Amino acid sequence: MQVAAQLRTAWREPLGILSAYAEEPWTLAFLSGGGGPRGRWSYLARRPEATLWIGADHPRDPFQALAELLGPPGETLPNGPPFQGGVAGLCAYELGDRVEALGLERRPGWPDLAAARYRAVLCFDHEKRQVIGIGRGADEIEAEDAAYEAMTWLQVPPRATRRGPLCPGLEASDPATYEAAVAEVVGRIAAGEIFQANIARTWSGRLGEAVSPFDVLARLARTSAAPFAAYLRLDRLALVSNSPERFLQASPDGTVETRPIKGTRPRGATPAEDLALVRELSASAKDRAENLMIVDLMRNDLARTAWAGSVEVPELWAVETYANVHHLVSTVRGRLAPGRTALDLLRAAFPPGSITGAPKVQAMKTIAALEPPRGPYCGSLFWAGADGALDSSVLIRTLACVRRDGGWEVEARAGAGIVADSDPRAERLETEAKIAALVAALTGDGA
C-alpha cells in the first residue's frame with residue numbers, strides 16, 4: 001500500500017507554473033475558474049511513472065487496464081485536496097464503442113484512452129491561497145521525495161502572455177448542412193426512433209506561427225474562465241478545454257454525482273436583457289423537457305453501479321451563468337453499491353448522456369450517421385485517486401490540436417440537443433453562442 005506526503009507553500013498562479021512545462025508530453029492540468037464550490041482546486045501533474053495508451057485495435061479491456069494502472073488503494077491524507085495523486089487522462093468519445101459495440105469509426109491519431117499514473121502532483125487551493133505538493137511512494141521517504149519534487153516545479157518564471165490573434169482564421173462547417181441534419185433528427189424523433197440527439201458543428205483552422213495550444217488556454221483563462229477547464233499535452237497532440245460541465249464525481253465514501261447541462265441562452269447586451277434571457281431559459285418548457293430527458297438517462301446510468309434506491313435529483317433546472325452563455329443544469333446523486341468502484345461507474349455511464357441523447361445507444365448511432373468521428377470532443381478528462389475518488393469533465397468548449405508540418409492544426413465543435421420541436425435555425429444559432437468564447441480567444445487580439 002502506497003503512502004502519501006505533503007508540503008505547503010504560499011500561493012502561486014497555476015497557469016504561470018503550467019506555462020513552463022506545457023510543451024512536455026504527459027503534462028496535464030485541471031484549472032478551475034477559481035471560485036465557488038466547484039472552483040476551489042486546480043492541479044498540475046507531469047513526469048508520470050507509468051502511462052497507458054489504448055487505440056481502437058488494442059486487445060485489452062480499457063477499463064480493466066485503467067484499474068490496473070491505478071493499482072490497489074493507498075493512504076489518503078486527512079484534510080488534504082480531493083486529488084492526492086493517482087491516475088489521470090483522456091477518455092475519447094469513441095471509448096464508448098468499448099462499452100456498447102457500435103462499430104464507431106475513429107478520428108485518426110487519437111486513442112480511445114490515454115492515461116498516466118502520477119506520483120507527484122501540485123494542488124492549488126484557490127480558497128486558502130496555498131499550494132500543496134503531494135507525493136506518493138512505497139514508504140515515507142519515497143513519498144516525501146515525490147512531494148519535494150512537486151514543490152521544485154514552482155521554481156520557474158511564468159511565460160509571457162501572447163497578444164494578437166492566435167489563429168489567422170477559422171472555417172466553420174456549412175450552416176445549411178447542419179440545419180438539414182437537425183431537420184433529419186427531428187424526423188427520426190417523429191418516427192419514434194429516438195427522443196433526443198446532440199448534433200454538433202465543426203470549426204477548424206491552424207494556429208499562427210510559433211503559437212502553441214497553451215497560448216489558447218492562457219487566453220481563455222483570462223477572458224472566459226470555467227470550472228472544469230483543463231489541458232493535456234501528448235506527443236503530437238494537445239487538448240485545450242474550457243468546459244463548464246462536470247461528468248462524474250465520486251467521493252471516497254462512495255457518494256457519486258453528475259451535473260448534466262441541457263438548455264442554453266446567450267448573454268444579453270445589457271443587464272436587463274441578460275435577466276430577461278435568464279428568465280426565458282428558466283421558464284422554457286422545451287429546455288426543461290430536454291434537460292429532464294437527460295436527467296432520467298443519467299439517473300439510469302448512475303443506478304447501474306449505485307446502491308438500490310440511493311439515486312436522487314437534489315437540484316433540477318438551475319440556471320448557471322458563464323462568460324458567454326446561460327445554462328440549465330441539474331444534479332443527480334447516488335451512492336456506490338458495495339464492491340463497486342468509481343471506475344465501474346465510469347464504464348457504466350460513458351460517454352456522457354448530455355452529449356449523446358436518449359435512448360443513448362440509438363442516439364449514438366444517429367450521431368455517427370451525421371457527424372465525422374468525434375475523437376476527444378464530448379469525451380472526458382478525468383482523475384482517479386488512490387482513495388477511490390474521481391472527478392471528470394465533459395469535453396465541450398474544447399480545442400483538439402494535432403501537430404503537423406511544424407504547426408498546430410486545430411478543431412473545435414459545438415452541438416445542440418435536438419428534440420421534437422427543435423427549430424433548425426435556432427439550434428444552429430445555439431451552437432454559435434456556445435463556441436463564441438473559443439472563437440474570440442483564437443481570432444481576437446487578446447485585449
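**Strand pairing and burial**

Analyst: Strand E1 (residues 3–10) runs antiparallel to E8, and eight bridges join the two. Keep in mind that this is a predicted model.

User: How many bridges pair E7 with E8?

Analyst: E7 spans residues 120–125 and pairs with E8 in the antiparallel sense. Phenylalanine 124 has valine 131 of E8 as its bridge partner. The number of bridges between E7 and E8 is six.

User: Which turn residue between E7 and E8 has a positive phi?

Analyst: E7 and E8 form a hairpin. Four residues lie between the strands. The turn residue with a positive phi, about 55°, is arginine 129.

User: Why is E8 described as largely enclosed by the rest of the structure?

Analyst: E8 covers residues 130–137. Buried means under 20% relative accessible area. E8 is largely enclosed because the number of its eight residues that are buried is seven.

User: Which residue of E21 is the bridge partner of leucine 237?

Analyst: E12 (residues 237–243) runs antiparallel to E21, joined by five bridges. Leucine 237 has as its partner in E21 valine 402.

User: Which residue takes a positive phi in the hairpin of E21 and E22?

Analyst: Six bridges join E21 to E22, and the strands run antiparallel. Arginine 404 stands opposite glycine 407 in E22. Two residues lie between the strands, and the one with a positive phi near 55° is aspartate 405.

Key: Residues numbered from 1 in each chain as written. Predicted model: local features only at pLDDT ≥ 70, side-chain atom pairs only at ≥ 80, totals over all residues. Heavy atoms only, no water. Buried < 20%, exposed > 50% of the residue type's maximum accessible area, 1.4 Å probe, protein only. Pairing = 2+ DSSP bridges.
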